[in-house]
Amino acid sequence: MNLLQIRKPSTTFALPFKHRAIGKEKVLISNTEGSFLLLSHEEFRLFAEGTVPRGSEYWKRLAERNFIRGEENRDAMASQLRARKGFLSYGPNLHIVVVTLRCNETCVYCHASRANMDQVQTDMTKEIAEQTVDKILQTTNPHVTLEFQGGEPLVAFEVVKHIIDYALKQNEKAQKQLEFTMVSNLSLMDEEKVAYLVGKKVQICTSIDGPEHIHDKQRRLPQASAHQKATHWIKRINEEYARIGLDPTLYHVEALLTTTREALPQWKEIVDTYVSLGCKALFLRPVDPFGFADKTGHRIEYPRAEYMTFYRDAVDYMLELNKQGVQILERFAAIFLTKILGGEDPNFLDIRSPCGAGIGQIAYNYDGKIFTCDEGRMLHEMGDSTFLIGEVGETSYRELMGHETVRALAIASNLDAQPDCVNCTYQAYCGVCPVHNHKSQGTIFGRMRESTLCAVHKGIQDYLFEKLGSGDPAVVDIFKKWTTVRDRTHFLQSCAV
Amino acid sequence: MPLESLPSDLVSFDDQDGAVHLKVDDGLYPLEAVYAAAYVFIDRCYVLLDKPASGQTRVTLSAKKGTLAGDAARELVGEFSNELLSCAWRSQIARENRATIEAVTAQALSGARGAPSLEELEAFDFSDDAFEDPLGIAMSWEEKYAKKKGDPKATAPTPNDEAATSSVTKPEAGK
């Protein structure tokens with residue numbers, strides 16, 4: 001079904017809309033503020049020809065969602081747009097601090113370009129750590145997430161502790177809703193560090209690349225199993241959360257997957273691994289072209305069509321598990337569904353318009369250099385400093401936010417300025433990454449029809465709308481549950497333990 | 001020599017020089033799009049633009065090191081053509097959606113920057129010398145035509161004086 005099959009298209013009946021075939025039986029229509037309807041081919045014909053019977057149930061469905069000219073509720077449209085773009089009113093809330101480049105694991109795809117353990121000059125000094133915290137607390141955003149990354153942050157644990165102590169002290173004046181998170185491979189964890197991190201309410205996130213044989217092949221830890229180390233500490237930290245009375249369905253170690261070629265046929269084993277570890281979410285992230293992955297791409301990369309088959313198989317299986325009472329959600333799906341069904345933007349910085357580069361997140365390197373985002377910092381470690389916007393001791397906060405690179409990225413990632421996106425049915429829910437475009441296509445604007453990122457975003461949304469249009473009420477219920485955001489208030493520093 | 005599956009009247013490959021030539025119709029692609037697409041390729045190859053005929057721009061892409069083989073030339077010119085189309089369309093979209101793009105960008109940047117602090121306000125330059133004014137556009141009528149010391153010829157003209165009403169286009173007036 002396409003517009004060419006419409007005999008007499010009406011130019012006056014419908015408000016501006018975009019459409020896309022979903023499977024063989026449905027047509028999706030969506031509008032600027034993100035309302036959507038899944039129509040049968042006959043319903044779409046009536047809509048496009050402007051012959052929907054006035055007052056019919058179908059007419060009401062279209063009118064309620066502002067698809068009929070003359071029936072629009074402008075206040076509702078404005079309110080929906082405000083809800084979707086609420087993030088525009090505030091500055092960066094995610095602040096990624098690379099406390100060291102050193103790492104004790106060697107990953108085939110390492111996006112961070114880790115340094116060897118003897119490269120102590122890549123540890124952040126206390127002076128730079130304090131300047132970094134001072135800069136972070138100047139953001140206009142009342143919510144601040146300070147994320148420790150590396151390298152491996154546990155290698156420079158004293159720096160982490162100093163930043164936490166200093167940030168808590170400085171925040172007595174700044175009064176931000178402060179949260180700490182740490183992305184760690186957990187292999188250097190010990191009981192003392194667990195006690196400190198849980199005591200300081202630091203959220204912990206790790207990488208699990210699936211079952212042990214895949215994980216250990218991709219993430220090499222000298223003379224030990226990286227998988228066994230990580231899974232041991234996931235269970236131990238979760239026990240500690242339970243011991244202090246936190247709800248285990250809400251408070252647990254989060255884990256992320258980096259999908260390599262070898263992982264593609266193992267979708268079931270990957271999901272089972274996450275479920276067995278007590279994880280409630282699985283983020284099926286494709287590999288990015290940053291860091292070591294740029295060099296090892298010939299071994300670990302794959303066509304995105306193959307990734308989409310993997311994704312569909314994995315999420316189909318997760319839906320079946322959910323029907324059996326197992327709680328496990330896919331993170332990409334949850335992000336898109338929150339926008340599609342919830343009408344709100346969860347402020348996932350890589351999938352919003354404009355993207356979060358600079359205005360939503362900032363990355364601080366161990367040496368005090370500041371980047372628009374973590375991906376920009378990754379490129380810097382590869383020798384491309386396009387996304388360097390300042391240094392902690394020299395550049396003022398307002399200079400960072402007004403930096404020409406930040407301005408350029410805000411324009412380049414605005415989907416209203418992007419060919420293809422501007423006509424895409426998924427525009428209200430989607431986002432582009434100018435740094436990915438720059439790396440893969442040599443231009444921050446990118447060409448979406450040739451972008452692997454676009455292929456993934458479109459492919460996932462196609463899958464979700466197919467499921468929504470399948471008429472299975474259980475799937476719709478599960479999807480709605482996936483959009484439910486339960487705040488983990490325990491991790492807010494202003495809240496009592 | 002022609003390149004496989006590309007129109008030979010638009011694309012040609014010089015295997016001696018290792019350069020590929022693409023003719024662009026000015027009526028189809030605005031010059032700003034040609035510049036934008038050409039700029040994207042300057043880290044990958046040398047890019048030369050010229051006008052061999054009226055209404056036509058020629059783009060020459062040549063390897064920075066070594067020579068460009070046939071397959072690589074085809075890939076390069078194909079990618080350039082896609083980028084050119086993307087730039088042309090983006091240019092049109094940017095014009096059509098200018099108001100939305102500006103509103104979103106302004107909101108995003110002002111929301112992120114916030115209000116200036118007192119220290120930053122103090123550092124602002126509020127003086128009258130903030131910009132150069134060679135034509136005297138920002139000067140008051142009295143300042144511009146006041147009698148200068150030691151210059152008996154300089155007289156303040158009346159409001160009906162032609163020199164006074166066209167001072168911007170005639171900067172010499174009053175000398």
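1. B:Ser8 is classed as exposed because it has 10 C-beta neighbours inside 10 Å. B:Ser8 belongs to the segment before strand E1 (11–14) of chain B. Its C-alpha atom is separated by 25 Å from that of B:Glu32, which is 24 residues apart from B:Ser8 along the chain.

2. The model is predicted; local features need pLDDT of at least 70 and side-chain atom pairs count only at pLDDT 80 or more, whereas totals for chains, interfaces and linings use all residues. Residues are numbered from 1 along each chain as its sequence is written, and chains are lettered from A and ligands numbered from 1 in the order in which they are written.

3. On confidence, the model has an ipTM of 0.75 and a pTM of 0.85. For chain B the average pLDDT (the predictor's confidence in each residue, from 0 to 100) is 80, and 81% of the residues score at least 70. In residues 161–175 of chain B the pLDDT falls below 50, although this stretch has 18 contacts in the model beyond near neighbours in sequence. Where pLDDT is low, predicted coordinates should not be read in detail.

4. Of the 497 residues in chain A, 49% are buried.

5. The domain assignment, which is automatic or from a database, divides chain A into domain 1 (3–84) and domain 2 (90–497). Their C-alpha centres lie 36 Å apart. Each domain gives 16 residues to the contact between them, where two residues are in contact if their C-beta atoms, placed from the backbone, lie within 7 Å. On the domain 1 side, E1(A) gives the most, with four residues.

6. Which residues have the most contacts inside the largest nonpolar core? They are A:Val99, A:Ala314, A:Ala333 and A:Phe336, in a core of 147 residues. Such a core is a set of buried Ala, Val, Leu, Ile, Met, Phe, Trp, Tyr and Cys residues joined through C-beta atoms within 7 Å. Beyond its neighbours within four places in sequence, A:Ala333 is in contact with A:Val315, A:Ile460, A:Leu464 and A:Trp482. A second, separate core has 21 residues, including B:Val20 and B:Leu61.

7. The contact between the chains takes 24 residues from chain A and 24 residues from chain B. On the chain B side, helix H2 (70–96) and helix H3 (98–113) each supply at least two residues, and H3(B) gives the most, with 10 residues.

Notes
A residue is buried if 20 or more other C-beta atoms lie within 10 Å of its own, exposed if 12 or fewer, and partly exposed in between; C-beta atoms are placed from the backbone.
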